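Student: I have a model open here and would like to talk it through piece by piece. Could you start with whatever term I need for the overall picture?

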Amino acid sequence: MNDRSGRVTVRELTKYFGPVAAVEGLTFAVEPGTVTGFLGPNGSGKTTTLRMVLGLVTPTAGETRINGVPFAELTHPAQVVGAVLEAQGFHPARTARRHLLACAAAIGVPDTAVEHVLGSVGLATAADRAVGGYSLGMRQRLALAVALLGDPQVLILDEPGNGLDPEGIAWLRAFLRGFAGQGRSVLVSSHLLAEVEQTADHIVVISHGRCVYQGGLDQLRGSRRARVLVRCAAPAELAEALARSGVLEIDTLPDGWLGVADADPVRVGDTALAADVAVYGMVEEKIDLEHLFFQLTVGQYAAPPQSWPQHGPPPPGSAPYGPGPGR
Amino acid sequence: MNGLLRSELRKTFSTKLWWALLIPVLVLSILINLFGGLFTDALAAVSAGSGPVPLLLASMAYALALTSVFAAIAGIVATAGEFRHRTITTTYLTAQGRGPVLIAKMAVSGLVGALYAAAAVVVGVLAGLVGQGDAAFPAAGPLLAVVLIGMVVAALWAAFGAALGTVISNQVGVLVSALVYLLFGELLISALLNNADNPATGLISSYLPGNAGDVALYDIPAQVLASPGLGARYVEVLAGVTSPPPWWGALLVLAAWTAAAAAAAWVVGDRRDVT
């Protein structure tokens with residue numbers, strides 16, 4: 001039965017809509033006390049996965065569990081898991097307060113909880129207006145208010161940044177960090193890495209319904225080493241000198257620059273000086289996570305997806321995972 | 001379950017639909033009972049010579065039969081409307097299982113239907129007292145029977161509608177289909193059945209859901225107003241059926257249709273992917 005852990009697990013999850021595979025063999029877990037970012041381009045199967053976790057869509061194969069049981073077996077489900085989904089609607093003529101009161105009765109929490117959540121999402125003053133007149137951002141806040149009504153252990157959010165203004169997004173980030181800080185679990189989807197970069201402890205990246213990466217953000221950053229790009233008078237000589245000093249991973253870039261991995265500018269400069277090679281320019285290459293993310297998920301609509309062994313990043317240099325050495 | 005019932009009640013009474021549908025119910029009941037004599041002239045002629053007759057019974061039965069159409073609409077919108085506004089996602093996320101949601105919706109819709117019937121009776125009796133001054137006021141027994149049967153018929157139709165709106169979740173589609181069936185489809189089917197070469201097929205007409213409600217409502221007024229032994233004949237004329245069952249049998253038929261719709265809604269609703 002419900003083990004009250006706050007853990008969400010997805011195992012070998014597969015969903016076909018007719019002949020189309022929306023999700024295929026997806027496995028991951030959301031641990032209590034963490035924020036898990038669920039990333040992928042639009043149409044990659046994020047929403048379908050979240051809806052399967054919440055029992056709204058029946059998987060073709062595989063299973064999802066919350067607190068060790070399928071969603072359908074949770075007693076008072078909304079007191080265990082709160083969800084903010086895309087296309088979650090409201091009756092346009094109903095006021096926010098009355099919507100929340102109807103939800104509170106179904107969830108099994110006292111009506112006083114309604115005032116509490118209205119305050120915490122900042123809708124207290126607009127609570128008696130019909131939702132039809134709400135902005136997209138206000139609807140998102142109302143959806144979050146519904147999700148929080150049951151004081152859940154697990155929060156699942158599908159693209160919550162949509163429609164929020166920058167202030168709202170900053171507020172949501174702080175809120176999710178605080179929520180996870182209380183030992184609860186957060187699973188938040190987005191098609192933008194930047195949106196979850198500052199919030200997520202752990203990310204799951206899917207493309208074409210398959211997992212292409214899961215692990216920590218630091219591991220993802222570490223999977224691609226920083227390089228120093230050098231423009232010099234005699235690239236071949238410098239490369240030879242660097243090789244003698246033990247720096248072996250050197251690429252010659254098409255425009256004549258050298259890409260030196262595992263070295264800092266000081267060492268490259270000193271080596272160049274010792275080898276009598278004039279250096280015209282040196283650039284430290286930054287690791288751009290957004291670029292990595294793009295490479296992970298690129299080709300969703302073109303080539304068949306690549307599947308990586310799960311848990312941890314693929315070995316460095318394995319195509320097409322980033323421009324590895326020698327390319 | 002209590003929580004779900006309370007939730008459905010709060011949903012129902014937090015939008016304008018319930019009184020928007022109540023208005024035509026009240027207007028129709030007032031008009032029908034005010035001019036009830038016109039509708040029941042045929043019955044009165046039969047009893048001519050035996051003094052004033054309680055015409056209100058028949059006009060009330062007619063008003064209640066129409067009320068049940070609006071009860072059905074209320075039930076349909078209670079479920080199909082949730083799919084239309086996509087609130088069904090929240091409803092399913094906050095409930096333990098979809099079956100209890102269906103039951104709560106059918107129960108609350110049934111209550112709304114019964115309330116519509118009760119409201120139609122209140123204004124109908126008042127209108128009848130004003131407009132049918134020449135007629136006799138019905139005895140308490142038969143009037144109460146018609147009122148209670150009307151409330152049950154409206155409640156069953158509303159619950160039927162709630163189940164139907166779960167099976168066909170497209171609100172416009174299910175509303176149009178239900179209204180076309182109730183207002184034209186069943187008349188056509190009944191006519192075909194009653195005029196078929198094999199007289200046995202005519203018997204089926206009483207067992208169609210719309211006719212079953214009408215038979216239940218017209219049975220008692222016909223027995224009171226028509227001369228003895230002719231009651232069933234008048235129910236046949238009024239409801240457009242052949243050899244109708246008694247009112248309680250007709251109620252059971254309607255209940256069976258409602259149960260069948262509920263079973264279909266349970267199966268379809270449970271398997272539907274809410275995307």
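Tutor: A residue is buried if 20 or more other C-beta atoms lie within 10 Å of its own, exposed if 12 or fewer, and partly exposed in between, with the C-beta atoms placed from the backbone. By that rule, 44% of the 327 residues of chain A count as buried. This is a predicted model, in which local features need pLDDT of at least 70 and side-chain atom pairs count only at pLDDT 80 or more, while totals for chains, interfaces and linings use all residues. Residues are numbered from 1 along each chain as its sequence is written, and chains are lettered from A and ligands numbered from 1 in the order in which they are written.

Student: Ok, and what are the ipTM and pTM scores?

Tutor: The model scores ipTM 0.89 and pTM 0.84. For chain B, the average pLDDT (the predictor's confidence in each residue, from 0 to 100) is 89, and 92% of the residues score at least 70.

Student: How many helices and strands are in chain A?

Tutor: Chain A has ten helices and 13 strands, where helices (H or I, at least four residues) and strands (E, at least two) are DSSP runs numbered from the N terminus.

Student: Switching to the contact between the chains, how many residues does each one put in?

Tutor: Chain A supplies 28 residues and chain B supplies 23 residues, with two residues in contact if their C-beta atoms, placed from the backbone, lie within 7 Å. On the side of chain A that touches chain B, the largest share, seven residues, comes from helix α2 (residues 96–107) of chain A. By class, that side of chain A has 18 nonpolar, seven polar and three charged residues, counting Ala, Val, Leu, Ile, Met, Phe, Trp, Tyr, Cys and Pro as nonpolar, Asp, Glu, Lys and Arg as charged, and the others, Gly among them, as polar.

Student: Is α2(A) mostly covered or mostly exposed?

Tutor: It is mostly covered, since eleven of the twelve residues of α2(A) are buried, including Arg98(A), His99(A), Leu100(A) and Cys103(A). What covers them includes α3 (112–120) and α4 (136–149) of chain A, together with α1 (2–12) and α6 (88–93) of chain B. Just after α2(A), Gly108(A) takes a positive phi of about 90 degrees.

Student: Which residues touch the most other members of the largest nonpolar core?

Tutor: They are Leu100(A), Ala145(A), Leu149(A) and Ala154(B), in a core of 163 residues; a nonpolar core is a set of buried Ala, Val, Leu, Ile, Met, Phe, Trp, Tyr and Cys residues joined through C-beta atoms within 7 Å. Helix α5 (residues 55–84) of chain B gives the most to this core, with 21 residues. Leaving out residues up to four places away in sequence, Ala145(A) touches Leu100(A), Val117(A), Leu118(A), Val121(A) and Leu123(A).
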